Amino acid sequence: MGESADPPFETTYKNLFSNSPDSTLQKDSRQELVEESELPLVDLNQLNLGDLQRQACQKLIARASQEWGFFQVINHGISRDILETMRAEQVKLLKKPFLDKTNYKDLNFSAGSYRWGTPSATCLEQLSWSEAFHVSLSDVLGSGGLNSLSSTMGQFATMVSELAQMLADILAEEMGNKTCFFKETCLPTTCYLLLNRYPPCPLYPQMSGITPHTDSDFLTILHQDNIGGLQLVKDGRWIAVKPNPQALIINIGDLFQAWSNNVYKSVEHRVVANPRKERFSTAFFFCPSYDTVIRWRGVEPGFYTSFSFGEYREQVQQDVDIFGYKIGLSRFLA
Ligand SMILES: O=C(O)CCC(=O)C(=O)O
Ligand SMILES: [Fe+2]
């Protein structure tokens, strides 16, 4: 028993479970049938085939980022080998007994990199039935590959950050803004990697694996397994993302929405816990240094005041501590 990998959700949050009338979670919109849909699919090989194909591909990326805030890419240049090695290392880490994870010190991860559940939750709707290592890539890349986990994370993150850089440049160019901004502000060492595990949740069929949120970065690159459970809001309704084992999922974060003055959308998404199967996903957050100022530079009035990434992170954390949830970009409306 003590050797279980799963965090003690039910004992730790027993007050939430006993205070919650059975009906609370049932009323949630997830009770409505959530339709499964495929994300817009972008074949990045098109970028190498000549001007016309390249332009069409760039337009597809920009349109999906405006209309969905999400798309998936194939022929993305991240080898199957590195994706599989990263996944194997992540599974090995997250399958360790719970207590080993809370005391994990093999790497020079900062304190608090292992997180599970939702410490601030005051009701079941705010509880995320998942655990993760949240790793600053400056810790990983600075350590010079202490062991196979950290060297794999370093390789994975270096490749994925190149992809993120390329996509960010394309999105900027499609707004008529060819820029070095992302090259100068988003370095591999300012980005983050999140290694997620979603244990099965057999007793509460409506439980969130991750509660609805937007990402606090420029863009996120997600590698998920084939279990499914990721959902996003499209035209005011939740839709479920159909897993595609060849593809990586890209989503726009809050910083890109502000930087583009609402052209690209940071869309709410969540993960629904699976009653029987555990799920793994790896998320790469493309972030600038904390002192980077996010500001709309166009001629039209901006929707948001300018703010630094550091200020944004602090505001998000403060709101989570006080209200139990993130308020996000609307905190910085002009
Ligand atoms: O696991 C997933 O599919 C999504 C994870 C996510 O949204 C996040 O880590 O921000
Ligand atoms: Fe997310």
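## A first look at this fold

Let's start with L60, which counts as partly exposed because it has 17 C-beta neighbours inside 10 Å; the label covers anything between buried (20 or more other C-beta atoms within 10 Å of a residue's own) and exposed (12 or fewer), with C-beta atoms placed from the backbone. This is a predicted model, so local features need pLDDT of at least 70, side-chain atom pairs count only at pLDDT 80 or more, and totals for chains, interfaces and linings use all residues. Residues are numbered from 1 along each chain as its sequence is written, while chains are lettered from A and ligands numbered from 1 in the order in which they are written.

Back to L60, which sits in helix α4 (residues 51-67). Helices (H or I, at least four residues) and strands (E, at least two) are DSSP runs, numbered from the N terminus. Leaving out residues up to four places away in sequence, L60 touches P40 and V42; touching, or being in contact, means that the two C-beta atoms, placed from the backbone, lie within 7 Å. P40 belongs to the loop between β1 (35-37) and β2 (41-43), and with residues up to four places away left out, its contacts are L60, A64, W68 and F71.

Now for the whole protein: it has 11 helices and 15 strands, and its C-alpha trace spans about 60 × 45 × 35 Å along the principal axes. Why call its radius of gyration a match for a compact globule? With 334 residues, such a globule would come out near 20 Å, and the protein has 20 Å. That radius is taken over C-alpha atoms, and the globule rule is 2.2 Å times the number of residues to the power 0.38. Buried residues make up 36% of the 334. Among contacts with a separation of 6 or more, 78% join residues 24 or more positions apart.

Next, the inside. The largest nonpolar core has 74 residues, and F284 and F286 touch the most other members. Helix α8 (residues 148-174) gives the most to this core, with 11 residues. Such a core is a set of buried Ala, Val, Leu, Ile, Met, Phe, Trp, Tyr and Cys residues joined through C-beta atoms within 7 Å. Not counting residues up to four places away in sequence, F284 touches A157, V160, A164, C191, L193, T220 and I221.

What surrounds ligand 1? The shell is L194, N196, I210, D215, L222, Q224, L230, H269, V271, S281 and A283, each with its C-beta atom, placed from the backbone, within 6 Å of the ligand. By type, that makes 6 nonpolar, 4 polar and 1 charged. Here Ala, Val, Leu, Ile, Met, Phe, Trp, Tyr, Cys and Pro count as nonpolar, Asp, Glu, Lys and Arg as charged, and the others, Gly among them, as polar. Strands β6 (192-198), β8 (219-224), β12 (269-272) and β13 (279-286) each supply at least two shell residues.

An unreviewed UniProt entry lists residues 189-288 as "domain: Fe2OG dioxygenase". That span is 6% helix and 46% strand, and its end C-alpha atoms lie 9 Å apart.

Most residues other than glycine have a negative phi.

Terms used: UniProt positions renumbered as here; feature names shortened; annotations may be inferred.
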